[in-house]
Amino acid sequence: MPVVDVDPDELRRLTGHEEKSDDELKDDLFALGLEYEGETEDGEFQLEFAPDRLDRLSVEGVARSLRYQYGDASGVYVPSTNDAEWTIEVDESVPDERPYVTGAIVRDVDLSGGALESLIQLQEKLHATMGRQRAKGAIGIHDLAMVKGRSARSADERVSGETASGSFDPDASDADAANSVTYRGVSPDGDTFVPLDSDAELSPAEVLDEHPTGEKYAALLDDYERYPAIYDDLGLFSFPPVINGRRTEVTEDSRDLLVELTGTDQWTIDRMCNIICYALDARGGRIEEVTVSYPDADVPKPDFETDTKIVTHERIESVLGVDLSEDEVLDLFGRAGLDAESDEWPEGVDYTVEIPPYRTDVLHPIDLVDDVGRAYGFNDLVPRYPDVSTVGGRTERSRLARAVRETLVGLGHQDLLNFHLTNERENYERMRLEPGSDVLGGGDPATIAEPYSEDYTIVRTWALPSLMMLLENNTHRSYPQDVAEVGFAAERDPEENTGVAERRTVAGAVVRHDASYEDAKARLQVLARDFDVDLETPPTTHPSFIDGRTASVVVDGDPVGVVGELHPEVLVEHDLEVPAAAFEFRLDALE
């Protein structure tokens with residue numbers, strides 16, 4: 001989950017509620033679904049966000065939501081925009097791998113007093129989430145005063161403007177129209193510019209080889225024959241998705257900004273642009289349209305068009321479990337930052353709900369019910385027994401899982417509850433595993449078709465990588481650290497009706513200066529005794545473990561897991577400086 005630093009004093013100022021104490025703010029933020037994780041050395045709140053409400057990745061977005069919650073604002077707000085004075089020309093030489101661009105001009109914005117730091121943080125958090133670490137979308141923000149526009153050309157008048165050397169000739173522009181910049185392709189060794197945090201003129205290829213930021217994002221352009229670049233009348237000033245030029249660097253004294261975004265999906269970069277524009281609008285900026293001029297069409301941006309969805313009154317009441325009048329529902333929609341109109345039918349009441357352009361999370365009517373519930377206050381919902389004739393209870397599998405947890409806790413393990421979603425690098429590469437191998441954890445993963453974050457792209461095939469990630473994040477704590485989890489794992493299996501084989505798995509690790517195979521096996525022996533099963537541990541091999549210190553976990557004659565000492569490469573990969581012994585096996589082996 002993304003964690004964002006928010007200055008509570010700035011939050012109070014932007015909401016207009018200077019009287020709110022820190023504790024009151026924390027309670028109000030929790031009601032929005034934002035969890036307080038601690039404070040920075042400067043006293044800023046560290047808030048953990050759910051990945052759906054990306055519009056809250058800045059203090060401006062959080063303040064907007066709080067104003068709705070306090071009743072100081074209601075309904076959909078769409079900033080007014082001035083007519084376009086600038087054009088982003090999209091040249092035919094733009095790389096096919098990154099064809100889309102969008103943007104906006106923001107004038108008279110005040111970036112003093114922490115506003116610039118908030119904007120930079122929002123930019124990077126959007127890169128990490130919607131932008132998929134800049135692969136799907138990247139944001140460039142420039143001081144407009146340092147951008148020298150050329151005369152724009154209409155879509156049917158433009159020519160490539162490329163010289164034989166692969167550089168760009170700004171004199172190829174035609175005359176007398178609005179200011180323009182050009183999004184185009186450039187050869188790796190083509191035009192040079194001075195990137196941020198540098199004093200040297202570098203070509204795009206040199207940026208990727210020599211600049212720290214270039215080295216970090218070089219893999220994004222591995223398959224490109226030509227690199228994306230944005231030019232003004234003075235030359236190249238932006239090298240997306242890698243780095244901006246130093247010439248157009250934004251400072252606290254900047255007042256007019258050019259916001260440009262490039263990417264692989266137009267919808268994604270348009271929504272990222274909207275979130276940026278709303279944050280700058282909250283700082284007093286005036287949004288001005290730009291014309292994105294593709295070879296075959298001119299399109300005004302930013303795209304502030306609202307969306308609509310329909311939800312029924314009956315569904316809202318049944319999901320939330322409360323009785324609400326029609327007027328109450330309309331008011332709650334307004335306090336959620338939405339506009340709604342009601343329509344009465346013989347079957348009941350429907351609400352047609354208008355959704356603002358910064359909301360990327362409203363995909364289904366149930367999302368609207370969630371907004372109504374949050375505006376009502378989930379803490380104000382009164383629990384009640386469902387109107388059914390049975391009483392719930394634990395299943396046999398749940399009882400077994402609970403008993404195993406209690407045994408492991410009794411052995412000194414800390415019980416964990418980790419995410420079931422992970423990514424290929426954590427699940428395989430960092431554990432020395434090959435996808436599709438026939439060892440524990442090596443199965444083909446169930447993948448997420450459209451993940452929100454590159455950190456969560458698959459369902460984990462085993463639980464031990466999750467334990468290693470936790471241990472890596474706690475190397476600053478004292479040892480021993482004994483951890484365990486009874487959790488969920490899955491892998492693709494064409495013989496299953498769903499195509500995915502699901503299972504409950506038991507994983508544990510013993511981490512200390514003298515951890516050994518015998519320590520991990522001793523835990524298995526206690527479990528075998530307590531659950532009255534026969535345990536055997538014949539030697540085996542597994543890439544994540546040390547050869548000769550690894551065994552198969554065989555319960556009642558069936559191989560169900562692995563136990564051993566973790567390989568030194570796995571320990572180094574996770575920054576562990578002490579030995580670790582671990583085990584993992586199927587929960588149903590103890591039935």
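The lining of the largest cavity in this predicted model is made up of 9 nonpolar residues, with no polar and no charged ones. These residues are Leu524, Leu527, Ala528, Val533, Leu535, Val553, Val555, Phe585 and Leu590. The volume of this cavity is about 50 Å³. Two elements, α14 (517-530) and β24 (545-555), each contribute at least two lining residues. Helix α14 contributes the most, with 3 residues.

In total, 2 cavities of 30 Å³ or more were found. The largest share comes from α4, which gives 4 residues.

Thr129 is located in the loop between α4 and β6 (137-143). Its relative accessibility is 9%, so Thr129 counts as buried, since the cut-off for buried is under 20%. Which residues does Thr129 touch, leaving aside those up to four places away in sequence? The contacts are Pro2, Leu54, Leu57 and Tyr452.

Aromatic rings were examined next. A pair of aromatic rings is described by two values, the distance of the centres and the angle of the planes. The whole structure contains 9 aromatic pairs. In one of them, the ring centres of Tyr36 and Phe45 lie 5.4 Å apart. The planes of Tyr36 and Phe45 meet at 85°, so this pair is edge-to-face; the cut-off for that class is over 60 degrees. Are the two partners buried or exposed? Tyr36 has a relative accessibility of 33% and therefore counts as partly exposed. Phe45 has a relative accessible area of 0% and is therefore buried.

Tyr278 and Phe304 make another pair, with ring centres 5.7 Å apart. Their planes stand at 70°, so this pair is also edge-to-face. Tyr278 belongs to helix α7, whereas Phe304 belongs to the loop between β14 (297-301) and β15 (307-312). The pair therefore ties together parts that are 26 residues apart in sequence. Tyr278 counts as buried because its relative accessibility is 2%. Phe304, at 12% relative accessibility, also counts as buried. Both residues belong to an aromatic cluster formed by Tyr77, Tyr278, Phe304 and Tyr358.

Charged side chains also sit over aromatic rings. The charged end of Arg64 lies over the ring of Tyr358, at 4.2 Å from its centre. Lys26 lies over the face of Tyr36, 4.2 Å from the ring centre. Tyr36 is the partly exposed partner in the edge-to-face pair with Phe45.

Note on methods:
Residues are numbered from 1 along each chain as its sequence is written. This is a predicted model: local features need pLDDT of at least 70, side-chain atom pairs count only at pLDDT 80 or more; totals for chains, interfaces and linings use all residues. Side-chain values use heavy atoms; hydrogens and water are left out. On a 1 Å grid over the protein atoms alone, a cavity is a set of points where a 1.4 Å probe fits but cannot get out, and a pocket is an open set with protein on both sides within 12 Å along at least five of seven lines; lining residues have an atom within 4 Å of a point. Grid points are joined across faces, edges and corners, and a volume is the space filled by probe spheres set on the points. Ala, Val, Leu, Ile, Met, Phe, Trp, Tyr, Cys and Pro count as nonpolar, Asp, Glu, Lys and Arg as charged, and the others, Gly among them, as polar. Buried means under 20% relative accessible area, exposed over 50%, partly exposed in between (1.4 Å probe, protein chains only). Contact means heavy atoms within 4.5 Å. Rings of Phe, Tyr and Trp (its six-membered ring) pair if their centres lie within 6.5 Å; planes under 30 degrees apart count as stacked, over 60 as edge-to-face and the rest as tilted. A charge sits over a ring if NZ of Lys or CZ of Arg is within 6 Å of the ring centre and within 35 degrees of the ring normal.
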